[in-house]
Structures are given as C-alpha cells and as structure tokens.
Amino acid sequence: MAELIRLEDVFFYYHSPEGEEVKPAIDGVTLSIDEGEFVAILGHNGSGKSTLAKLLNGIILPSGGDVIVSGMNTKDQDKIYDIRRKVGMVFQNPDNQIVATVVEEDVAFALENLGMPSEEIREKVDEALEAVGMYEYRGHAPHLLSGGQKQRVAIAGVIAMKPTCIVLDEPTAMLDPKGRVDVMETIRNLNKEYGITIILITHHMEEAAEASRVIVMRRGRIEFDDTPEMVFSKPEEMDDAGLSVPQTVEILNEIKKAGFDMDIGALTVDECAERIKNFLEEK
C-alpha cells in the first residue's frame, strides 16, 4: 500500500494565557499511515489524540517536525486546500458541521463553493448520501433527524469531496447506542467498499477493536501501535495508560488470572465463547 500520511518527529505545544509554552500535547511522534488502512487512535483525556487528529489535515500546524500528506507538507499554505481535499475531517458534534436547512443542500454546500456544475453536484451528492444510507432523507430538515442520522449527513458532506482519507474525532461520543451502531457500520462500509482510509479517534474499546490497527496515545506519545488483538492482549499495560479493554478480553483475562492457560485476545463475543468452549472441552 502507498503511504498517505507521515509524521516526522512531530511536537505540538499549547500556550498558557501568558503566552508561555506548556507541556507538549504531542511529544516527538513519528508515524506513517498507508492508503486503505482503518486506524483507531485511543487515549484518555489529555493524551493528545484529538490534537493529533487536527494535525493530520492542517487544522493546526506542528510546533516542530513535519506532517506530510501525499508528499505535501501541511506547513505549505499553498498546499493546504489540496491537503484538506485529501484528508477530510468529521467532528463529534454534527450540529457544528451542518449549515443548511435541507439535507441534500448541506451535502452540496462545499461543492457549490467550488463552483462545480450543478449536474456534477447532483451526482456527487446522491452518491455520498447513498454511501451513508441517507439518500431517502435527502429532502428532510437536518434538525429533525436523530443524532446518528445527523452524523451520517456530516460524513456525507465530507465524502462528497472524494477524500482519500477521513479523520473522525470521536464521532459517536454524543450518540445513543443505535446511533453509534449506525455510524460505525457506515465507517466500516466506507473503508471496505469504497477504500477510504479511516482514522478513528475514539474512547470506545469495542469501536477500536473493529479497526485493522490500533494506536494508543499517552502523554503526547505513542504507547502502542499494533493490531487490535495484540494491543488488547495487554490489559495491565492498557490500565496503566488509563484505558480499559473490551469486555471479552476482561472475561478471558480473569480466567487466566485464576491460574488457567488462556489466550485472552478475543475481540468478539463469538470468539470469546469459542475459546471458553474449546478450553472446557480440553479439560
């Protein structure tokens, strides 16, 4: 796979009200993300994960080091428009991204600002709404939609721009369980069916378990970077980082701590049940 985003020894400092630099929010991060990956980034509050997300498409610029997107440096202001078309951003509150009073008009908003012909806009809007399962709501008022539906409209507004990558900063944080399920299904589909690179910032372990790669942030640094199975098979280390593991791993780890030889890296209920069944049959 081709490299899409590269961070080279990146630092980012926030400043105190007096203008002094405080402890770095991002502390020397080097990272590479390839096209087509589904990467989940975890971390407790203050770990730097949301700051990292904003660095990926130039919303903020590094205090030190470089962020390179498809060969373009985010510090190059002449390239920032092209970078943001490559890497779209979806935030946790969809109301902050919805600007129109009709769903299809909202999805068309950025395209209209680009001066696209109306026929092309119509095609891209329809494709984007179909991709997120919201085409039948194209004539609805956004404020009448559920939280999960609003978030899918916000995602449609981003994918209408045909990005290579979408960064989602805790997109399910404000949603009810059904809304979370719907949005995660949309995210999986965008990655698997459309090949869009997904970078998901989340604090839900079950959501991170659906990614192909999990990065754990702690104090502005990368603590772990591996498959979900490998990351979540370290419950004690995750606890030290202020994070939990999926309930399936917790159950198997309790069995292991009771003195039984148990592989704890099961991420789904079916996998967990199968491992317990096999363990009992061997006894």
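How exposed is Asp95, in terms of relative accessible area? Keep in mind that this is a predicted model. Asp95 comes out partly exposed, with a relative accessible area of 44%.

Now its partner. Asp95 makes a salt bridge with Lys150, and their closest N and O atoms are 3.2 Å apart. Lys150 is buried, at a relative accessible area of 14%.

Next pair. Asp182 and Arg152 meet through their side chains in a salt bridge, 3.9 Å from N to O. Asp182 belongs to helix 6 (residues 177-192) and Arg152 to helix 5, so this pair ties together parts 30 residues apart in sequence. Both Asp182 and Arg152 are buried.

Arg218 bridges to Glu223, with closest N and O atoms 3.3 Å apart. Glu223 is partly exposed, at 33% relative accessible area. Then there is a salt-bridge network linking Glu3, Arg6 and Glu8. Across the whole structure, the search finds 17 salt bridges.

On to helix packing. Helix 10 (residues 247-257) packs with helix 11 (residues 269-282) at about 20 degrees, and their axes are 9 Å apart. That angle makes helix 10 roughly parallel to helix 11, because anything under 35 degrees counts as roughly parallel. The crossing of helix 10 past helix 11 is left-handed.

Who touches whom? From helix 10, Thr248, Ile251, Leu252 and Ile255 meet Val269, Cys272, Arg275 and Ile276 of helix 11. By type, the residues of this contact are six nonpolar, one polar and one charged.

How values were computed. Residues numbered from 1 in each chain as written. Predicted model: local features only at pLDDT ≥ 70, side-chain atom pairs only at ≥ 80, totals over all residues. Heavy atoms only, no water. Axes fitted to C-alpha atoms, helices over the stretch in contact; angles between N-to-C directions. Helix = DSSP H or I, 4+ residues; strand = E, 2+ residues; numbered from the N terminus. Parallel < 35°, antiparallel > 145°, perpendicular 65-115°, else oblique. Left-handed = near helix turned anticlockwise from the far one by under 90°. Contact = heavy atoms within 4.5 Å. Nonpolar A, V, L, I, M, F, W, Y, C, P; charged D, E, K, R; others polar. Salt bridge = Lys/Arg side-chain N within 4 Å of Asp/Glu carboxyl O. Buried < 20%, exposed > 50% of the residue type's maximum accessible area, 1.4 Å probe, protein only.
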